[in-house]
Amino acid sequence: MNIKPLFDRVVIKRMEEEKMSAGGIVIPDSATEKPIKGEVVAVGAGKALDNGSVRAPQVKVGDKVLFGKYSGTEVKLDGTDLLVVKEDDIFAILG
């Protein structure tokens, strides 16, 4: 897979959510929400600022991130579901 997002966009592969509750009950796919955690697959060059300079992105490929539930645009590339979001839609880098 070869993808290079533009400007301050980030490509994320969603991480799978737990299929079992803490009590051991299996949760069907129809009852689970879309995951809000993912791994960064590709990062753009950065955000263009008003003064003409470019701010480097805060995230890098391989980072585990937390993002908004309804953020970005879903795309399918080489059979893989990906999410393209602006860097501003990422809330945190998970350690």
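Is Phe 7 buried or exposed in this structure? Phe 7 is exposed, with a relative accessible area of 54%; here buried means under 20% relative accessible area, exposed means over 50%, and partly exposed lies in between, for a 1.4 Å probe and protein chains only. The structure is a predicted model, in which local features need pLDDT of at least 70 and side-chain atom pairs count only at pLDDT 80 or more, while totals for chains, interfaces and linings use all residues. Residues are numbered from 1 along each chain as its sequence is written, and side-chain values use heavy atoms, with hydrogens and water left out.

## Overall architecture

The protein has eight strands and zero helices. Both kinds of element are DSSP runs numbered from the N terminus, with at least four residues of H or I for a helix and at least two of E for a strand. Along the sequence the pattern is therefore written β-β-β-β-β-β-β-β. Of the 95 residues in the protein, 25% are buried. Contact means heavy atoms within 4.5 Å. Among contacts between residues at least 6 apart in sequence, 61% join residues at least 24 apart.

## The sheet

Six strands form an open sheet in the order E6-E7-E1-E2-E5-E8, with antiparallel pairing. Strands E6 (73-77) and E8 (90-94) stand at the edges with a single partner strand each, so one side of each is left without a neighbour in the sheet. On average, neighbouring strands of this sheet are turned by 45 degrees against each other, direction ignored. For such angles, axes are lines fitted to C-alpha atoms (for helices, over the stretch in contact), and angles run from 0 to 180 degrees between N-to-C directions.

Strands of a sheet pair through backbone hydrogen bonds, either parallel or antiparallel. Two strands count as a pair if DSSP finds at least two bridges between them.

| Strands | Sense | Bridges |
|---|---|---|
| E1 (residues 9-14) and E7 (residues 80-86) | antiparallel | four bridges |
| E1 and E2 | antiparallel | five bridges |
| E6 and E7 | antiparallel | five bridges |

Ile 12 stands opposite Leu 83 in E7, and the bridge partner of Ile 12 in E2 is Val 40. Leu 83 in E7 is also the bridge partner of Glu 74. Arg 9 stands opposite Lys 86 in E7.

## Turns and backbone angles

Most residues other than glycine have a negative phi, and most peptide bonds are trans. Phe 7, in the segment before E1, has a positive phi of about 50 degrees although it is not a glycine. Asp 78 also is not a glycine, and has a positive phi of about 55 degrees. Asp 78 lies in the loop between E6 and E7, two strands that form a hairpin with two residues between them. With a relative accessibility of 60%, Asp 78 counts as exposed.

## The nonpolar core

A nonpolar core is a set of buried Ala, Val, Leu, Ile, Met, Phe, Trp, Tyr and Cys residues joined through side-chain atoms within 4.5 Å. The largest one here has 10 residues: Val 10, Ile 12, Val 40, Val 43, Val 59, Val 65, Phe 67, Leu 83, Val 85 and Ile 90. Two or more of these residues come from each of E1, E2 (37-43), E5 (64-67) and E7.

Apart from residues up to four places away in sequence, Val 85 touches Asp 8, Arg 9, Val 10, Ile 12, Ser 71, Gly 72 and Ile 90. Glu 87 is placed in the loop between E7 and E8 and counts as buried at 7% relative accessibility. Leaving aside neighbours within four places in sequence, the contacts of Glu 87 are Asp 8, Val 10, Arg 55, Pro 57, Gln 58 and Val 59.

## The largest pocket

On a 1 Å grid over the protein atoms alone, a pocket is an open set of points where a 1.4 Å probe fits, with protein on both sides within 12 Å along at least five of seven lines; lining residues have an atom within 4 Å of a point. Grid points are joined across faces, edges and corners, and a volume is the space filled by probe spheres set on the points. The largest pocket holds about 210 Å³ of space. Its lining includes Lys 13, Arg 14, Glu 74, Lys 76, Thr 80 and Leu 83. E1, E6 and E7 each supply at least two residues of this lining, and E7 gives the most, with four residues.
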